[in-house]
Amino acid sequence: MIDLHAHTSCSDGSLSPGELVAEAEALGLSAIGVCDHDTMVGVPLAWARRSNHLQVVSGIEISVEFRPGTFHLLGYHFDPRHPRFLDFVRQLQQWRMDRNALMLERLQACGVAVTEDELRELAGDGQVGRPHMARLMVVRGMVESVAEAFQRYLRKGGPCYVSKRRLQARAAIDLIHSAGGAAVVAHPVQLKLSHEALAAQVEAWQRLGLDGMEAWHSDHTPEMAAGYAALAKRLGLCVTAGSDYHGTVKPKVQLGMFPGEPPEDAAVLEPLLAAAERWR
Ligand code: AMP
Ligand code: ZN
Ligand code: FE
Ligand code: FE
């Protein structure tokens, strides 16, 4: 069993990279993808802890400009120390910090006094995002739950929400390729496209170099997963399987948990790694 989409405490997951590796080994997984939002600092930390039984594939999840839904692009099997990629990730971090500062101003205006330093402390080595703002509000007793913090203040369209600057699809795909990685569209259900529109859109991204599609994901039904896999196969794209594990942050999602029956491990991993290697 493999799971190519897991988050760590380097972004908004609850387990450290080392703990994630231990959890994957305890479950008997043969490979995991360490895919944090906008950062790959967890990858070398996970590599340092892996054993012979578990392959740890480098990963990242990048938010890309898109309407009507959410476009997250996964990068796989790249060099996490590639200088151009590192520069780019620093740029993403800066965009995030700019956005956090604006959100803190809005929270202040709503009577929610939380500071940059408090968020920094809560996030530890990880990058600060909305989940940390929500958790701090819970700790302070300003709201009952993370869900309430999002509902009242932080959700997209909420009074304190500020959107992050995002890359365009072409730039995000090129960057992953330049670091020798494969580019895969994450959880296609979140794009919020009809089946026909999705097929046309994915073909357009394929012309920009898209390598694969995450057909199996915890947000998909078994029917959706089969439909996405069929589309990927028709277009000649790689198919991947990822739970989008976040630990206790998303308690319903378990590592290695998929809708229906995912394909054989080798049918996923080998073509994906080969696709990445074509960009070397
Ligand atoms: P950010 O990258 O800072 O915009 O934060 C996005 C993260 O916030 C997502 O990856 C989720 O973990 C979390 N999130 C988004 N919406 C909600 C929600 N309604 N309830 C709880 N967590 C959420
Ligand atoms: Zn996340
Ligand atoms: Fe995502
Ligand atoms: Fe994710």
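Q: Which protein atoms hold the zinc ion (ligand 2)?
A: This is a predicted model. In it, the zinc ion (ligand 2) has Asp 12 (OD), Asp 12 (OD), His 37 (NE2) and His 246 (NE2) as protein donors, at 1.9 to 2.6 Å.

Q: How are the zinc donors spaced in sequence?
A: The pattern for the zinc ion (ligand 2) is D-x24-H-x208-H. The pair of Asp 12 and His 246 links distant parts of the chain, 234 residues apart. Asp 12 is in the loop between E1 and helix H1 (17–26), and His 246 is in the loop between strand E7 (238–242) and helix H10 (265–277).

Q: Are those two buried or exposed?
A: Asp 12 is buried, at a relative accessible area of 14%. His 246 is buried as well, at 4% relative accessibility.

Q: Next metal. What coordinates the iron ion (ligand 4)?
A: His 5 (NE2), His 7 (NE2), Glu 61 (OE) and Asp 244 (OD) do, at 2.0 to 2.2 Å. The iron ion (ligand 4) lies 4.3 Å from the zinc ion (ligand 2).

Q: Which parts of the chain does that bring together?
A: One pair linking distant parts is His 5 in strand E1 (residues 2–6) and Glu 61 in strand E3 (residues 55–64), which are 56 residues apart.

Q: What sort of arrangement do the donors make?
A: The 4 donor atoms around the iron ion (ligand 4) subtend angles of 77 to 169 degrees, so the arrangement is irregular.

Q: How accessible are His 5 and Glu 61?
A: His 5 has 0% relative accessibility and counts as buried. Glu 61 has a relative accessible area of 1% and is buried too.

Q: What about the iron ion (ligand 3), which residues are its donors?
A: Its protein donors are Glu 61 (OE), His 72 (ND1) and His 187 (NE2), at 2.0 to 2.2 Å. Glu 61 is also listed among the residues coordinating the iron ion (ligand 4).

Q: How far is the iron ion (ligand 3) from the zinc ion (ligand 2)?
A: The two are separated by 5.8 Å. Glu 61 in strand E3 and His 187, in the loop between strand E5 (182–185) and helix H8 (195–207), are 126 residues apart in sequence, so the pair ties those parts together. The donors of the iron ion (ligand 3) are spaced E-x10-H-x114-H.

Q: Which peptide bond is cis?
A: The one from Arg 67 to Pro 68, with omega near 10 degrees. Pro 68 is in the loop between E3 and strand E4 (71–76).

Q: Last topic, helices. How do H3 and H5 pack?
A: Helix H3 (residues 83–109) and helix H5 (residues 130–139) pack at about 30 degrees, with axes 11 Å apart. Angles under 35 degrees count as roughly parallel, so H3 and H5 are roughly parallel to each other. The crossing is right-handed.

Q: Which residues meet there?
A: Arg 99, Asn 100, Met 103 and Leu 107 in H3 meet Arg 130, Met 133 and Met 137 in H5.

Q: And how do H3 and H7 cross?
A: The axes of H3 and helix H7 (residues 169–178) come within 8 Å, crossing at roughly 140 degrees, and the two helices are therefore oblique to each other. H3 passes H7 in a left-handed crossing. Arg 84, Phe 85 and Phe 88 in H3 meet Leu 175, Ile 176 and Ser 178 in H7.

Definitions and conventions. Residues numbered from 1 in each chain as written. Chains lettered and ligands numbered in written order. Predicted model: local features only at pLDDT ≥ 70, side-chain atom pairs only at ≥ 80, totals over all residues. Heavy atoms only, no water. Donors = N, O, S within 2.8 Å, 3.2 Å for Na, K, Ca; no water. Tetrahedral: all angles 85-135°; square planar, octahedral: opposite > 155°, others 65-115°. Helix = DSSP H or I, 4+ residues; strand = E, 2+ residues; numbered from the N terminus. Buried < 20%, exposed > 50% of the residue type's maximum accessible area, 1.4 Å probe, protein only. Axes fitted to C-alpha atoms, helices over the stretch in contact; angles between N-to-C directions. Parallel < 35°, antiparallel > 145°, perpendicular 65-115°, else oblique. Left-handed = near helix turned anticlockwise from the far one by under 90°. Contact = heavy atoms within 4.5 Å.
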